[in-house]
Amino acid sequence: MLKLNNKGLSRLELFCIVGIALVAVFLAYKGILYYHNSMAKGNDSLKVNSAESVAAMNLTTADCVINGCEGSFDEPCEHMGKDGYTTGYYDAVKKKIFADNLSGYNEYTEMKIGSEVYRGERNTMVIKVRGKEDKIDLSWVPSKEQERSKHK
């Protein structure tokens, strides 16, 4: 029969315990990072869904993605480009689309729209909305403040 050592832990046992503890801490850390990153994509995705909904509502009432636009179906508005698309920028606080590129509001450094992945520092990106009839194109673009800081 095996007898337990009364002197305490051997060096090999101590090395194994420390190794197992380090692996457990590393796995916990990676698990927390994975959870945080998976949640990060969800939060900015909700903003994308909201922007798309606001744009769809605006296109059904005025044929322009921008809230409060004076254009109508008979008379094109000033926001319409040569391709027939109107362009605006979603404001996540007011939940409206404006003609001006606002300050950034992305919460995470990686945003996703469909299969397209966009990257940018926190609070530097806005959602650009382009719409025509029943077609809506969304993309994350640098905010006006971010563009100014690049040119300095």
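Author: Rings of Phe, Tyr and Trp, the last taken by its six-membered ring, pair if their centres lie within 6.5 Å. The model discussed here is predicted.

Reader: Which residues form one aromatic cluster with Y90?

Author: The structure holds two aromatic pairs. Y90 belongs to a cluster with two further residues, and these are Y105 and W140.

Reader: What is the geometry of the aromatic pair of Y90 and Y105?

Author: A pair of aromatic rings is described by the distance of the centres and the angle of the planes. For Y90 and Y105 the centres are 6.5 Å apart and the planes stand at 80°. Planes over 60 degrees apart count as edge-to-face, so the pair of Y90 and Y105 is edge-to-face.

Reader: How many residues apart in sequence are the parts that this pair ties together?

Author: Y90 lies in strand β1, residues 86–91. Y105 lies in the loop between β2 (96–98) and β3 (110–113), so the parts tied together are 15 residues apart in sequence.

Reader: Are Y90 and Y105 buried or exposed?

Author: Buried means under 20% relative accessible area. Across the protein, 31% of the 152 residues count as buried. Y90 and Y105 are both buried.

Reader: Where does the charged end of R130 sit?

Author: The charged end of R130 is 4.5 Å from the centre of a ring. The ring it sits over is that of Y85.

Reader: What separates the C-alpha atoms of T60 and D134?

Author: T60 lies in helix α1, residues 11–62, and is exposed, with a relative accessible area of 55%. T60 and D134 are 74 residues apart along the chain. Their C-alpha atoms are separated by 8.2 Å.

Reader: Which pattern does the protein follow along the sequence?

Author: The secondary structure comes to two helices and six strands. Read along the sequence, they give the pattern α-β-β-β-β-β-β-α.

Key: Residues numbered from 1 in each chain as written. Predicted model: local features only at pLDDT ≥ 70, side-chain atom pairs only at ≥ 80, totals over all residues. Heavy atoms only, no water. Phe/Tyr/Trp six-rings, centres within 6.5 Å; stacked < 30°, edge-to-face > 60°. Helix = DSSP H or I, 4+ residues; strand = E, 2+ residues; numbered from the N terminus. Buried < 20%, exposed > 50% of the residue type's maximum accessible area, 1.4 Å probe, protein only. Lys NZ or Arg CZ within 6 Å of the ring centre and 35° of its normal.
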